[in-house]
Amino acid sequence: MKEKVDMREETLGILELLRPVAPADLIRLGRNYDGGYVFSSQSLANCSHFISCGLSYDWSFEIELKERRPDLPIVAFDRTSGFNSTMLYWVLKNFGKIALYPFRFLGVQDTPAQSWGKISMMLRMKQIFSGNLQFVKKHIGLESNSGVQSFGELLEHSRGYGVKLDVEGTEYELLDTIIGKLDKIELLLIEFHNVEENLDAIVPFLKATRATHYVQHVHGNNYDSVNSFGFLNSIELTIAKKDSGYQPESAEVLTYPVKDLDFPNDRRKADVGFNFLATDQK
């Protein structure tokens with residue numbers, strides 16, 4: 001007979017691993033809805049290199065990162081991005097949003113200025129990805145080949161890396177590599193997809209990082225559904241190396257989402273928060 005699982009105890013245990021310790025200097029880079037990330041400005045200042053994995057056609061985070069740290073070498077990877085038929089589709093779609101904006105009952109949410117901003121961002125790709133911000137048309141994976149860059153190889157030559165990892169499920173292949181290179185990573189922005197189905201990978205990963213790193217911020221992606229643990233099944237985590245600004249007691253003072261920092265990924269639906277107070281009621 002299969003052992004009965006105590007869902008309350010399991011939920012409390014998972015929430016405890018996700019509980020953030022929030023420093024006072026949290027900032028957001030990237031647009032207010034899908035595409036933005038929240039982390040400590042000091043953690044970013046500690047980074048000497050930055051690797052961004054997963055772009056699609058929203059580069060607002062990379063643009064603002066470049067503006068904030070023009071001295072920081074940034075390399076962005078995505079095999080599907082760049083000038084291709086998909087980009088043409090997104091450009092035409094945003095022109096369509098501008099034309100349909102007077103008829104907002106059809107579901108158009110972006111203002112014409114916002115739609116034009118996206119078009120301009122895509123058409124200026126060559127200008128944006130220049131100087132300290134470079135684009136590589138490859139996916140991230142375990143081993144390098146013509147279309148894939150080994151993630152482990154990227155972390156071989158230096159320390160102080162910041163990493164953004166939004167790779168639609170490939171993150172689970174890379175968790176062992178991250179654990180093996182934790183001493184080189186200052187700041188990790190990672191989205192976990194299909195959380196409930198992958199707890200056997202996420203839970204050991206979070207436990208393995210706790211000695212030297214901590215969860216700095218958490219946000220649920222409301223394009224996904226709520227799972228049986230009561231939070232969204234895709235979550236965006238900020239994990240940072242412990243430094244002089246790490247103060248565990250600050251974990252008790254914030255509720256999530258955080259006003260003026262967090263915004264729903266899908267603007268048509270409300271954000272779903274995290275009830276970390278429940279972890280004290282064991």
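**Exercise 1. A residue in a helix**

Task: State which helix holds T177, then decide whether T177 is buried or exposed.

Solution. Step 1: T177 belongs to helix α8, which covers residues 171-180. The model used here and in the exercises below is predicted.
Step 1: The relative accessible area of T177 is 18%. Buried means under 20%, so T177 counts as buried.
Step 2: Leave out residues up to four places away in sequence; T177 then touches L142, F151 and G152.

**Exercise 2. The chain as a whole**

Task: Find how many helices and strands the protein chain has, and what percentage of its residues are buried.

Solution. Step 1: The protein chain contains nine helices and eleven strands.
Step 1: Of its 282 residues, 51% are buried.
Step 2: Consider the contacts in the chain with a separation of 6 or more; residues 24 or more positions apart account for 74% of these.

**Exercise 3. Pairing of strands**

Task: Work out in which sense β3 and β4 pair, parallel or antiparallel, and which residue stands opposite I74 in β5.

Solution. Step 1: β3 (residues 49-53) pairs with β4 (residues 74-77) in the parallel sense, over four bridges. In this pairing, I51 has V75 of β4 as its bridge partner.
Step 1: Together with helix α3 (residues 60-68), β3 and β4 make a β-α-β unit, and this unit is right-handed.
Step 2: β4 is also joined to β5 (residues 133-136) by four bridges, and these two strands run parallel. Here L133 in β5 is the residue opposite I74.

**Exercise 4. A buried residue in a strand**

Task: Locate F39 and explain why F39 counts as buried.

Solution. Step 1: F39 is found in strand β2.
Step 1: The relative accessible area of F39 is 0%, and therefore F39 is buried.
Step 2: F39 and L187 are separated by 148 residues in sequence, yet their C-alpha atoms are 8.4 Å apart in space.
Step 3: Beyond the neighbours within four places in sequence, the contacts of F39 include L187, L26, I27, F61 and T238.

**Exercise 5. The largest pocket and D34**

Task: Find which residues lie nearest the centre of the largest pocket, then describe the position of D34.

Solution. Step 1: The volume of the largest pocket is about 1,200 Å³. Its lining has 45 residues, with R31, D34, S56, D58 and W90 nearest the centre.
Step 1: At least two lining residues come from each of α3, α4 (85-100), α5 (112-123) and β6 (139-141). The largest share, four residues, is that of α4.
Step 2: D34 sits in the loop between β1 (26-29) and β2. Its relative accessibility is 27%, so D34 counts as partly exposed.
Step 3: Between D34 and P264 there are 230 residues in sequence and 7.2 Å in space, C-alpha to C-alpha. Leaving aside neighbours within four places in sequence, D34 is in contact with D58, N221, Y223, E236, P264 and N265.

**Exercise 6. The largest cavity**

Task: State how many cavities of 30 Å³ or more the structure has, and which strand gives the largest share of the lining of the largest cavity.

Solution. Step 1: The search of the whole structure finds three cavities of 30 Å³ or more.
Step 1: The largest cavity has a volume of about 80 Å³. Its lining residues include R28, Y37, H217, H219, E236 and L237.
Step 2: Strands β2 (37-40), β10 (213-220) and β11 (235-241) give two or more residues to this lining. β11 gives the largest share, three residues.

Notes
Residues are numbered from 1 along each chain as its sequence is written. This is a predicted model: local features need pLDDT of at least 70, side-chain atom pairs count only at pLDDT 80 or more; totals for chains, interfaces and linings use all residues. Side-chain values use heavy atoms; hydrogens and water are left out. Buried means under 20% relative accessible area, exposed over 50%, partly exposed in between (1.4 Å probe, protein chains only). Contact means heavy atoms within 4.5 Å. Two strands pair if DSSP finds at least two bridges between them. A crossover is right-handed if, with the strands pointing away from the viewer, the path from the first strand over the helix to the second runs clockwise. On a 1 Å grid over the protein atoms alone, a cavity is a set of points where a 1.4 Å probe fits but cannot get out, and a pocket is an open set with protein on both sides within 12 Å along at least five of seven lines; lining residues have an atom within 4 Å of a point. Grid points are joined across faces, edges and corners, and a volume is the space filled by probe spheres set on the points.
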